[in-house]
Amino acid sequence: MDKFNGEVPCDKEKLRELPGVGEYIVSEVLLRACRKPEPLLDINMTRVVERIFSVKSAKKNPYKDPVLWSFAKMIVLKDPDLAEKFHFGILDLARKICRARNPRCNICPMKDLCSYYANSVRGRKVSTALSSY
Ligand code: SF4
């Protein structure tokens, strides 16, 4: 922090220089402290994004995949307040409805937009589809 005169830099590259700071922390600082719209791609948001948009990272840890981060960046709302609400909404959705096991698609507000749900109502069982995630 001495390098930045004790202030948190609102610059992605400078934040990445800080020890122990990964991509998620960089985005969280930019969004919450600097009010810059950034995705907060953790394991939960990754699951929801992959299901809704039918995208699949080739990485073992998809929430660390730069390609998925780029995709997530495209869907983040440009207004930082809305982007923050979007993130918390996704977290709630992931925890209560779009769970890793047995997603509750029938009560999900996203089901009309969701590729995973569209596939499941076309005859694939949810539990079968889950095995590919
Ligand atoms: S419809 Fe199902 S898979 Fe799609 S976001 Fe909702 S809970 Fe998740």
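Author: We may begin with the term helix: a helix is a DSSP run of H or I with at least four residues, and the runs are numbered from the N terminus. By that numbering, Ser 54 lies in the loop between helix 3 and helix 4. Please bear in mind that this is a predicted model.

Reader: How many helices and strands are there in the protein chain?

Author: The protein chain has seven helices and zero strands. Its pattern along the sequence is therefore written α-α-α-α-α-α-α.

Reader: What makes the phi of Ser 54 worth a remark?

Author: Most residues other than glycine have a negative phi. Ser 54, which follows helix 3, has a positive phi near 55 degrees and is a residue other than glycine.

Reader: Where is Arg 35 found, and why is it called partly exposed?

Author: Arg 35 is found in the loop between helix 2 (23-33) and helix 3. The class partly exposed lies between exposed, at 12 or fewer, and buried, at 20 or more. Arg 35 has 13 other C-beta atoms within 10 Å, so it is partly exposed. Arg 35 also has a positive phi, of about 60 degrees, although it is not a glycine.

Reader: Which residues of helix 3 are buried, and against which helices do they pack?

Author: The buried residues of helix 3 are Met 45, Thr 46, Arg 47, Val 48, Val 49, Arg 51 and Ile 52. They pack against helix 4, helix 5 and helix 6. In the protein chain, 23% of the 133 residues count as buried.

Reader: Why is helix 3 called roughly perpendicular to helix 5?

Author: Helix 3 and helix 5 pack at an angle of about 85 degrees, with their axes 9 Å apart. Angles of 65 to 115 degrees count as roughly perpendicular, and therefore helix 3 is roughly perpendicular to helix 5.

Reader: Which residues meet where helix 3 and helix 5 are in contact?

Author: From helix 3, Asn 44, Met 45, Arg 47 and Val 48 meet Ile 90, Leu 91, Leu 93, Ala 94 and Arg 95 of helix 5. The residues of this contact divide into six nonpolar, one polar and two charged. Leaving aside its neighbours within four places in sequence, Val 48 is in contact with Ile 90, Leu 93, Ala 94 and Cys 98.

Reader: Which residues touch the most other members of the largest nonpolar core?

Author: The core has 19 residues, and Leu 41, Met 45, Val 48 and Ala 94 touch the most other members. Two or more residues of this core come from each of helix 3, helix 4 (66-75), helix 5 (80-96) and helix 6.

Reader: What surrounds the ligand, and which helix gives the most to that shell?

Author: The ligand is surrounded by 14 residues, and the closest are Cys 98, Cys 105, Cys 108, Cys 114 and Tyr 117. Helix 3 gives the most to the shell, with three residues. Helix 3 (43-53) and helix 6 (115-121) each supply at least two residues.

Key
Residues numbered from 1 in each chain as written. Predicted model: local features only at pLDDT ≥ 70, side-chain atom pairs only at ≥ 80, totals over all residues. Near = placed C-beta within 6 Å. Core = buried A, V, L, I, M, F, W, Y, C linked by C-beta atoms within 7 Å. Contact = placed C-beta atoms within 7 Å. Axes fitted to C-alpha atoms, helices over the stretch in contact; angles between N-to-C directions. Parallel < 35°, antiparallel > 145°, perpendicular 65-115°, else oblique. Nonpolar A, V, L, I, M, F, W, Y, C, P; charged D, E, K, R; others polar.
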